[in-house]
Amino acid sequence: MADGFASAQDRATFIAGLPKAELHLHIEGSLEPELMFELAQRNNVAIPFATVEDVRAAYAFSNLQDFLDIYYQGMGVLRTEQDFHDLTAAYLARAHADNVRHVEIFFDPQGHTERGVAFATAIGGITRALDAAKTQHGISSRLIMCFLRHLSEADAEATLDQALPHLDRIDGVGLDSSEVGHPPSKFERVFARARGLGLRIVAHAGEEGPPDYVHQALDLLKVDRIDHGNRSLEDAALVARLADQGMCLTVCPLSNLKLCVVDDMAAHPLKTMLDAGLHATVNSDDPSYFGGYVNANYLAVADALDLSKADLLTLARNSFTGSFLDAGDKARHLAAIDAYA
Ligand code: HPA
Ligand code: ZN
């Protein structure tokens, strides 16, 4: 066993009690099959599955696009403000059970507006659940809207226009969906406008795309965080740059395994990232589709890579220091980790 643990059970118990933040979570990717059926029935939406087991059996992916096809289909059951509330409330209850103290949630407005569901319907339900979780569970949150990169920059601009009346509830913008062939450079102007509005900037880069897309996210979009970033390791100068800047990477181990970004959890680059001085964090991405929430991600990668207590404490600290919380809140959460350690 790695330093500090007598057994795998001892490490699992340590992970469960560790205070943590989650920084890479697509709320639509937390739609569990049971809720998918309930909402399909509530809204009279047809889904191509007869049972929950059929749904889970369909979750076998060989790459990102395989997953995205079924992810966009799944979100079709979300129609009303109440649906978005129930989806978000269910995720927050799971996060609370994993001792997550702070969440920074993505949503994909274009995945809804293109189906005729209003921006206000989606954001209204999500924020109502976020507000309730603050009182009910003490979980703080930030909300990040993502642009779908397979669509045009003009479409992203129109989405930013729709967001303007809701800027009091939106903390940042991100970039997700099909990466290869849709580089950050395609969205340089809309991200500049978002920055001018005071929004924080993140982008998925280096999940399937090359290290150059990570450079572009830094140079052209001027990101505050990189989502995934795995393929940065192919470029030594990029690794040095990310380490020097203290750039946070939101790494998603079970996602990487399910989408064949890694062949085997034992080959996951998380430990290499930490050893290279990269500011890596552990997140669940789309937990319903990839087989687990944040603690399951910590556990899977910790077991496969025999992570030590010091590694796990670093990952939890990174999750707060890489967040968009203010300095006082970060210090309070870091003190809670120190007390736990
Ligand atoms: N990558 C890109 N787009 C996504 C993902 C992801 O992991 N999850 C939801 N949209
Ligand atoms: Zn993601």
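Visitor: Which handedness does the crossing of H10 and H11 have?
Guide: This is a predicted model, where local features need pLDDT of at least 70, side-chain atom pairs count only at pLDDT 80 or more, and totals for chains, interfaces and linings use all residues. Residues are numbered from 1 along each chain, and side-chain values use heavy atoms, leaving out hydrogens and water. Helices here are DSSP runs of H or I with at least four residues, and strands are E runs of at least two, numbered from the N terminus. A crossing counts as left-handed if the near helix is turned anticlockwise from the far one by less than a right angle, and right-handed if clockwise; for H10 and H11 it is left-handed.

Visitor: At what angle do the axes of H10 and H11 cross?
Guide: Axes are lines fitted to C-alpha atoms over the stretch in contact (heavy atoms within 4.5 Å), with angles from 0 to 180 degrees between N-to-C directions. The axes of H10 (residues 211–221) and H11 (residues 236–245) come within 11 Å, crossing at roughly 35°.

Visitor: How many disulfides are there?
Guide: A disulfide needs two cysteine sulfur atoms within 2.5 Å. The closest cysteine sulfur to that of Cys146 is in Cys252, 12 Å away, so it is too far for a bond. Cys248 is in no disulfide either, with the sulfur of Cys252 nearest at 11 Å. The count is zero.

Visitor: Is Cys146 buried or exposed?
Guide: Buried means under 20% relative accessible area, exposed over 50%, partly exposed in between (1.4 Å probe, protein chains only). At 0%, Cys146 is buried.

Conventions
Chains lettered and ligands numbered in written order.
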